[in-house]
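Good morning, and thank you for joining. I would like to take a few minutes to go through one structure, with the sequence and the model on the screen.

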Amino acid sequence: MKAMILEGVNQPLVLQETPDLQPGEHEVVVKLAAAALNHRDVWIQKGQYAGLKFPIILGSDGAGVVAQVGSGADQNWLGKDVIVYPGTDWGDNLRAQSRQFKILGLPENGTFAQFVKVPAQNLLGKPAHLSFAAAATLPLGGLTAFRALFTRAHLQAGERVLITGIGGGVALLVLQFALAAGAQVYVTSGADEKIARARQLGALGGVNYRVQDWDKQLRAQVDGFDVIVDSAGGEGFPKLLELALPGGRIVTYGATQGNPKSIDLRRIFWKQLDLLGSTMGTAQDFATMIQFVTDKQITPVIDQVFPLAQAEAAMQRMHAAEQFGKIVLAIE
């Protein structure tokens with residue numbers, strides 16, 4: 001089969017022929033129609049991720065058709081359109097993943113290939129209203145967004161939500177999920193055009209975080225937030241404590257701007273804030289997310305579709321933060 005191979009840190013992805021896959025016991029091989037990129041793939045390429053190993057096929061997101069079914073797996077999966085849950089070995093504690101938890105694309109080969117081998121229990125049927133490209137955007141990003149909003153923050157209809165860094169795939173899925181749940185949503189971004197596009201999708205307002213008093217500008221639009229979903233951290237994070245309403249929940253699933261230099265604990269305890277961490281999600285989170293997408297007929301935002309052979313160009317687009325929505329690979 002053809003696959004995009006990463007040979008080492010800061011090396012480009014290269015199209016190569018690799019051995020065909022054979023399913024083991026309770027496994028299936030999926031003929032992929034589409035895969036999607038995540039920042040995780042870029043961090044692995046840049047050597048900024050734990051447990052690196054090479055060569056590796058990146059990619060945590062994929063959708064396609066079941067081509068082979070191993071012994072002990074449900075043979076009814078054969079020929080079915082599916083989407084793949086990208087996690088294994090979460091463990092018994094639904095509140096947090098085990099030390100054995102793994103994500104597709106490292107250490108196991110991932111979805112930047114014509115085929116992928118996964119446990120049969122990681123399959124769900126593809127939502128009928130979605131194309132393969134749209135379905136492929138959901139596994140890692142949709143799961144991260146859904147767990148942050150609902151499993152962790154327990155978002156309720158009518159609440160006010162702030163999403164930082166709109167434009168990335170996860171942030172946009174948070175936006176779409178929150179709107180579908182009946183929330184009032186505001187956003188931040190470093191690009192005015194991304195804020196404008198978020199408003200077209202249903203956001204009520206937003207500010208450019210590159211402006212020094214962005215928090216004051218946001219406060220002029222709304223007096224605070226019940227839920228704040230952040231992936232940046234950094235120097236701007238303490239301002240989120242100010243923007244949170246009493247009893248508010250702040251969920252963080254990333255730290256692209258690094259750690260904040262200081263946190264005012266008095267703001268947290270006096271306002272009775274919940275500061276919540278979130279990473280990926282359980283298989284049950286994934287199934288509930290896919291049902292939510294189906295029930296609400298949500299179609300994820302796609303930034304651009306590249307052929308598999310141009311996966312390196314797709315990686316460079318993500319690294320440059322040029323995208324609005326998910327970047328997808330079409331696989332022949």
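Let me begin with tryptophan 270, which is found in helix H8, residues 265-270. Please keep in mind throughout that this is a predicted model. Is tryptophan 270 buried or exposed? Its relative accessible area is 73%, and exposed means over 50%, so tryptophan 270 counts as exposed. Tryptophan 270 also belongs to a nonpolar patch on the surface, together with Ile263, Leu265 and Phe269. The accessible area of these four residues together is about 520 Å².

I turn now to the parallel sheet. In what order do its six strands lie? The order is S12-S11-S10-S13-S14-S15, in an open sheet with parallel pairing. At the edges stand strand S12, residues 205-208, and strand S15, residues 274-277; each has a single partner strand, so one side of each has no neighbour in the sheet. On average, and ignoring direction, neighbouring strands of this sheet are turned by 15° against each other.

The partner here is strand S11, residues 184-189, which runs parallel to S12 and is joined to it by four bridges. Within this pairing, valine 187 has glycine 206 in S12 as its bridge partner. Across both S11 and S12 lies helix H5, residues 192-201, and its direction makes an angle of about 170° with S12.

Elsewhere in the chain there is antiparallel pairing. Strand S4, residues 61-69, and strand S5, residues 81-84, run antiparallel and are joined by three bridges. In this pair, valine 65 stands opposite aspartate 81 of S5. S5 is also joined by three bridges to strand S9, residues 123-125, and these two again run antiparallel. Here valine 84 has leucine 123 in S9 as its bridge partner.

Finally, I would draw your attention to alanine 178, in helix H4, residues 169-180. Its relative accessibility is 0%, and the limit for buried is under 20%, so alanine 178 counts as buried. Which residues does alanine 178 contact, leaving aside its neighbours within four places in sequence? They are Leu149, Leu155, Ala183 and Val185. As for leucine 155, it lies 23 residues from alanine 178 in sequence, with a C-alpha to C-alpha distance of 7.8 Å.

That concludes my presentation, and I welcome your comments.

Key. Residues are numbered from 1 along each chain as its sequence is written. This is a predicted model: local features need pLDDT of at least 70, side-chain atom pairs count only at pLDDT 80 or more; totals for chains, interfaces and linings use all residues. Side-chain values use heavy atoms; hydrogens and water are left out. Patches are made of residues with over 30% relative accessible area and no salt bridge: like charges are joined within 9 Å, nonpolar side chains (Val, Leu, Ile, Met, Phe, Trp, Tyr) within 5 Å. Accessible areas come from the Shrake-Rupley method with a 1.4 Å probe; for residues, only the protein chains shown count as cover. A salt bridge is a side-chain nitrogen of Lys or Arg within 4 Å of a carboxyl oxygen of Asp or Glu. Buried means under 20% relative accessible area, exposed over 50%, partly exposed in between (1.4 Å probe, protein chains only). Two strands pair if DSSP finds at least two bridges between them. Axes are lines fitted to C-alpha atoms, for helices over the stretch in contact, and angles run from 0 to 180 degrees between N-to-C directions. Contact means heavy atoms within 4.5 Å.
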